[in-house]
Amino acid sequence: MAYSDKVLDHYSNPRNVGSMDKNSSEVGTGLVGAPECGDVMKLQIKVNPQTNIIEDAKFKTFGCGSAIASSSLATEWVKGKTVDEALQIKNTEIVKELSLPPVKIHCSVLAEDAIRAAIHDWKKKQDVAKPAAVAAQ
Amino acid sequence: MSTDVKTIPQAEHVAPDGVKLPVYMDNHATTPMDPRVLEEMLPYFMEKFGNAASRNHSFGWAGEEGVETARERVAKLVGATTKEIIFTSGATESDNLAIKGVAEMYREKGNHIITTVTEHKAVLDTCKRLEKNGYRVTYMPVQKDGLVDLEDLKRAMDDKTILVSIMWANNEIGVLQPVAEIGKLCRERGIIFHTDATQAVGKIPVDVNKNNIDVMSISAHKMYGPKGVGALYVRRKNPRVQISAIIDGGGHERGMRSGTLNVPGIVGLGKACAIAFEEMAKESCYLAGLRNRLRDKIMGGLDEVYINGSWEHRLPGNLNISFAYVEGESLLMGINDIAVSSGSACTSATLEPSYVLKALGTGDDLAHSSIRFGLGRFNTEAEVDYVADRVVETVSRLRELSPLYEMAKEGVDLKSVKWAAE
């Protein structure tokens, strides 16, 4: 199978590889996929509680080159966005940017899921941490 | 607190002295032709172009002479007589002819066929077709090491069993089945034993008499011969085996395989067998040495690496390894100057990981992480060293990227995790 230059670039030089403290209240962690299916993505975001802006993002992925590229790209795209803006990222945009072939579309879906799961995890922490503040708004 | 992983960007690789890139290490898929084979074939394309079935002129005689010399060479390599060798277009045709031919010929005697789940698709899909035509097929499981359990085999046999088809050497994991014992069990019960010996012939000693083989498939391109030619051994004595033809026509090859003979291809197969006969003993030591060196270097550089299939009963040139926590296709991307195969679903058309590895009880996760290295006649020690270094470096790099490796190192039992699979 031929890979696009962008997939090869992300595969060879993945951006934002690493891990953040998953217990921190500012960090949301999304872990999606399953080893039996050949794809697992962990995507983490660090959100500024004042601005809701994603200040940092890290990922680790077990999967094919397209899965690695999709999650690497996802970390680039969520950085600097607010969580609501990040929720607007669609898998089809990832497919387009990386020129993924039809058999690799599930990689982009997984990346979108990872973003959502990370944001969901962060939001859950906010609800637990400051229910009063939320109610006051 | 955030930990940045210094992922080593993939480096540009320069081949060390004596290594030409890309390195070919996929010799179970096919082998390059030996130049001595090509040399032997060349006259049969132009000057000796005659049809081997033309009996009344010298052009035909030259072709026939080439074919008969080849037949002697093939027979000699496997301990058969010349009349027992039928030339075909390759091992897939040989498997089809063996199984369909025996099934049809012995239909009145019974309709039961036994094979194993780790056979090549040429055998499995042929059996599936026969099932639609009223035959009953038992697909035997294999043990964790890839070997059939002879007791299972005995239990599977009944008075309607006409054929057992079990491969000699597996194309993915290189595991060698106990063919002599299987053949003995079949002989005692009057059941015909076919073995797909595509990966075995020319690599390990193959003797149809010592190993109680009745019908055997042979391919040229797995032993440094040309593609598109193979043979089927069909026993003539003790017992005499008969098969129905599946291709009708001019009655070539004793009526078992009609069609003008592929003379240059057959000459090439013959030469490949002659070379194997002379050089096999030395070559198998050489290949086992290279293979063990590759294993030692890879296992010395990485933890959590698992060999698939029996180590003891294995082709000398085969190494099939799973690299835990790393997905096979991404590994192949990282070693793209090395030609090998993966059991990963992502490299197959079906998106299913290797059915052979699954049959050994290998989890899907490890099946996705497997690489098959197939060493051959033209591989060198320098190539093995280069490949081992590249594999260790790439697996290490991908493990730094792998959430599974990180979780395992933190002591998380990955089997107990509830995965949010879609």
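Predicted model: local features only at pLDDT ≥ 70, side-chain atom pairs only at ≥ 80, totals over all residues.

Q: Which peptide bond in chain B is cis, going into B:Pro239?
A: The one from B:Asn238, with omega near -5°. B:Pro239 lies in the loop between β9 (230-234) and α7 of chain B. Another cis peptide bond joins B:Leu21 and B:Pro22, with omega about -5°. B:Pro22 is in the loop between β1 (2-4) and β2 (23-24) of chain B.

Q: OK, B:Tyr325: buried or exposed?
A: Buried, since B:Tyr325 has 24 other C-beta atoms within 10 Å. B:Tyr325 is in the loop between β11 and α8 (328-334) of chain B, and takes a positive phi of about 75° although it is not a glycine.

Q: What sheet does β11(B) belong to?
A: An open, antiparallel sheet of four strands in the order β10-β11-β14-β13 (chain B). Its edge strands are β10 (305-307) and β13 (341-342) of chain B, each pairing on one side only. Two strands pair if DSSP finds at least two bridges between them.

Q: How many bridges are there between β10(B) and β11(B)?
A: Three, and the two strands run antiparallel. B:Tyr306 has B:Ser322 as its bridge partner in β11(B), and B:Ile307 stands opposite B:Ile321. On to β14 (residues 370-374) of chain B: five bridges join it to β11(B), again antiparallel. There, B:Ser322 has B:Ser370 as its bridge partner.

Q: How many residues of β11(B) are buried?
A: Six of the six, so β11(B) is largely enclosed by the rest of the structure. Both faces are covered: B:Asn318, B:Asn320 and B:Ser322 are buried on one side, and B:Leu319, B:Ile321 and B:Phe323 on the other.

Q: What does B:Val395 touch?
A: Leaving aside neighbours within four places in sequence, B:Val395 is in contact with B:Leu302, B:Phe323, B:Val326 and B:Leu331. Contact means that C-beta atoms, placed from the backbone, lie within 7 Å. B:Val395 lies in helix α11 (residues 381-400) of chain B, and counts as buried because it has 27 C-beta neighbours inside 10 Å. B:Val326 is 69 residues away along the chain, but its C-alpha atom is 6.8 Å from that of B:Val395.

Q: Zooming out, how is chain B divided?
A: Into domain 1 (23-33 + 280-412) and domain 2 (35-276), with bounds from an automatic or database domain assignment. Across the boundary, 25 residues of domain 1 of chain B are in contact with 30 residues of domain 2 of chain B. The domain 1 side gets two or more residues from each of α7 (263-301), β11 (318-323) and α9 (355-359) of chain B.

Q: Switching to chain A, how many helices and strands?
A: Six helices and four strands, in the pattern α-β-β-β-β-α-α-α-α-α along the sequence. Buried residues make up 50% of its 137 residues.

Q: Which residues of α4 in chain A are buried?
A: In helix α4 (residues 91-98) of chain A, they are A:Asn91, A:Ile94, A:Val95 and A:Leu98. Seen down the axis, the buried residues of α4(A) fall within an arc of 100°, so they line one face of the helix; the arc is that of the directions from the helix axis to the C-beta atoms. Their cover includes α1 (5-12), α2 (65-78) and α5 (105-129) of chain A. Just after α4(A), A:Ser99 takes a positive phi of about 50°.

Definitions and conventions. Residues numbered from 1 in each chain as written. Chains lettered and ligands numbered in written order. Contact = placed C-beta atoms within 7 Å. Buried ≥ 20, exposed ≤ 12 C-beta atoms within 10 Å, placed from the backbone.
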